[in-house]
Amino acid sequence: MTAPVTEAVRRRVTVRGTVQGVGFRPFVHRLATDLALAGFVSNTASGVLIEVEGPPDGIARFCDRLATQPPPLAAVIGVGVEDLPVTGADDAFTIRSTDRSPGRTLLPPDTAACDDCLRELADPADRRHRHPFVTCTHCGPRFTIATGMPYDRAVTTMTGFPMCPACAREYGDPGDRRFHAQPVACPDCGPRLRLVPAAGSGVRPARDADAPAVARALLTAGRIVAVKGLGGYHLACDAMNARAVDTLRARKERGGKPFAVMCADLDAVRRVAVPSPAELAALTSPRRPIVLLRRRARQNPLAPGICPGSPHLGVMLPYTPLHTLLFGLPGDPPGPRVLVMTSGNRSGEPIVTDDEEALTRLAGLADAWLAHDRPIASPCDDSLLRVRPDGTEQVLRRSRGYVPRPLRLPVAVRPALAVGGDLKNALCVGEGDQAWFGPHIGDMGELTTLAAARRAESQMRRLTGVSPELVAADRHPGYHSARWARRRAAQLPGRTPVFVQHHHAHIASAMAEHSLVGTTPVIGVAFDGTGYGDDGTVWGGEILLADYAGFRRFARLTPAPLPGGDAGVANPCRLALARLWAAGVRWDPDLPCVTACPPEELTLLERQLARGVACVATSSMGRLFDAVSSLAGVCHRARYEAQAALELEAAAASAWDADGSAYTFGIAAGAFDPAPVLSALVADLRRGTPAPVLAARFHRGVARAVTEFCLRARQDVGLGTVALSGGVFANALLEEECARLLGGAGFTVLRHGEVPPNDGGLALGQLVVAAHERQEE
């Protein structure tokens, strides 16, 4: 008996998400061919379009595997399927050219070189042996070379490098892993390296394969080399050479701020740090971020100047073939195994990307430049994160490896631009249920940084297709970002910016990251250094009852004068004296913060506080941490942002398990007063209590005060969800203790993950608050 013939069916399948530039079409081609299906696949401006025809069971398997087994770098967020009339096609499945009709698709972030490409790099028999730009559909640059969408070679910075016949064959072969890999190249047709010496350095220039070898020799000799990476230049030196590290620190005027390092491999990582399995997983992920690791305390070969005063070390692994060549392949002369890799810029300026600009802006910093002729379309600094004890990640700087990956929004928004704040600036665009952060830009005090922000916004509009109808910014009237927002909004007819209160934006960013729809308020704990308050004072120690529509200030840290305003932040000893003055505690000469100030400075400060000259009231928790750092004798003068608080956290960590007691804040309606904490700390000082114990007791005291006010809020208004946001919650000890106490009290605790808790995440909160406000009008 003859088996019945199964009738064929035809389906149109549309796939949305990060599905271009990741090998999705060849994956679809192989899948359909394996299942003996007919049809075609094509890129569109909205994603990937597939028409497929064949037996129903084969079509079902095809659709299932399409969503569940995509290529490594793909991120499928939606699959639509509709029936079509059967055409009777029995020809081979094909890959069609890109459909350029209007729409939106998602561009993948840059990723680290894959193992297959690194094997080719090290194989003398491979035609890409020592090729510093070896890449395929599973790795390499995407965001930093794209100039438009849909993502094709013609709209990347590779357009100036015509493919040789061998590369063209790979590019056009659906069975090759370089099929439509837009950056594909080889030594015959790709970008070229060059090493440019500084004038008078005595260094010889070099090109192509010789350039990394000369650069490695320079690094071995203690010289500083500017290295062009995926998203900009780094300044590199041997991290084990104390003289080289000190020279780089002096040239860059970096003060005592820690340097990040790049280790050649995991063995080198383990020589300088003590990584956990979860931290190793983060280090080796395709994103290759900088990961904060516990520094190895004994027999650490790093130069002392790498991270003075910090128990943590920012570590990353090589993520480009050029980095691998810089460390050397088997058989190469030995070179440094750990390199300082710090952003290629001067203090306060954005990262340098242009080659000619690098020669001028980095002059005097570098002894040589290791450059190449592939342009960088989008600057993109390294991302930074820490891994919590439970294995979750907290991103502190969201840039390379993450941008431009979208975030799903819990509320639909009109096309909008949020410009963030003036510190750790990163802008955000959004439309519908998606938002896209731009790369980390930095602090907005320089014309070069403002220009970088404008370029970043233009690039994000091109790559996402978002045409903003409204602009959101911080309410601070003096912010450069707010002034830019006014100018940008003026280009939209009849529009003015939506100004969002700083700490409301922090809490809204945490709510949006956790997909809260915002119909029920949360208890928002917003702790940071500076934020413009609705009363014209500096806020930063706030407990808010907030949703996207608005907020109520439920409690705050009792204010104290901030002498000198923002300029006074560099002097924690003055902040300590101001806090003591507000608490009614005498400036006795045995207190560390008093001895840190010369007599004439004490006299001037006392007059300033008594008369209220150049003093603004602040409820900032960040400034209280600075003050306690000086009062405990840890840090009196800060040479970089948050130094005093970071060193106070490090001191507390060293005594965390040795002392479980806590200082007690004064608790009153709407305020928690640090005066009892300061008095108790002074008494402990005079009893000879070590600074680490003082620091630990302070951290625990803050966490207990937070819990007390959250319990009061729950009792008063019945809320059970707490959002922790603001730069102070980059403090691992404080965040963990708050989460532990709040969780033990039955609260749901929202902590930041992919969105930074500091001002780098501010724009997301601005976006959802502003969009909600305009929709309510």
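Which residue is the bridge partner of Val291 in S15? Keep that in mind while you get oriented.

**Before you start**

This is a predicted model, where local features need pLDDT of at least 70, side-chain atom pairs count only at pLDDT 80 or more, and totals for chains, interfaces and linings use all residues. Residues are numbered from 1 along each chain as its sequence is written, and side-chain values use heavy atoms, with hydrogens and water left out.

**Stop 1: the whole chain**

Show the protein chain. It holds 22 helices and 29 strands. Both are DSSP runs numbered from the N terminus: helices are H or I with at least four residues, strands are E with at least two. The C-alpha atoms fill a box of roughly 100 × 65 × 55 Å along the principal axes. With 777 residues, a compact globule would have a radius of gyration near 28 Å, and the chain's 28 Å agrees. That radius is taken over C-alpha atoms, and the globule rule is 2.2 Å times the number of residues to the power 0.38.

**Stop 2: the five-strand sheet**

Strands of a sheet pair through backbone hydrogen bonds, either parallel or antiparallel. Here two strands pair if DSSP finds at least two bridges between them. Select the open sheet with the order S4-S1-S3-S2-S5 and mixed pairing. S4 (75-84) and S5 (94-95) stand at the edges with a single partner strand each, so one side of each has no neighbour in the sheet. Now pick S2 (residues 38-44) and S3 (residues 47-54). They pair in the antiparallel sense over seven bridges. Asn43 has Val48 in S3 as its bridge partner. Contact means heavy atoms within 4.5 Å. Axes are lines fitted to C-alpha atoms, for helices over the stretch in contact, and angles run from 0 to 180 degrees between N-to-C directions.

**Stop 3: the eleven-strand sheet**

Next, select the open sheet ordered S7-S6-S14-S8-S9-S13-S10-S12-S11-S15-S16, again with mixed pairing. At its edges are S7 (206-207) and S16 (393-397). Zoom in on S11 (residues 290-294). S11 pairs with S15 (residues 384-387) in the parallel sense over two bridges. Here is the opening question settled: the partner of Val291 is Leu385. S11 is also joined to S12 (residues 312-316) by four bridges, running antiparallel. There, Leu293 has Leu313 as its bridge partner.

**Stop 4: crossing helices**

Two packed helices are described by the angle between their axes and the distance between the axes. Select H14 (residues 572-583) and H16 (residues 599-611). They pack at about 45°, with axes 11 Å apart. H14 and H16 are therefore oblique to each other. Angles under 35 degrees count as roughly parallel, over 145 as roughly antiparallel, 65 to 115 as roughly perpendicular and the rest as oblique. Residues in the contact include Leu577 and Trp581 of H14, and Leu605 and Leu609 of H16.

Arg579, Leu580 and Ala583 in H14 meet Ala675, Leu678 and Val682 in H19.
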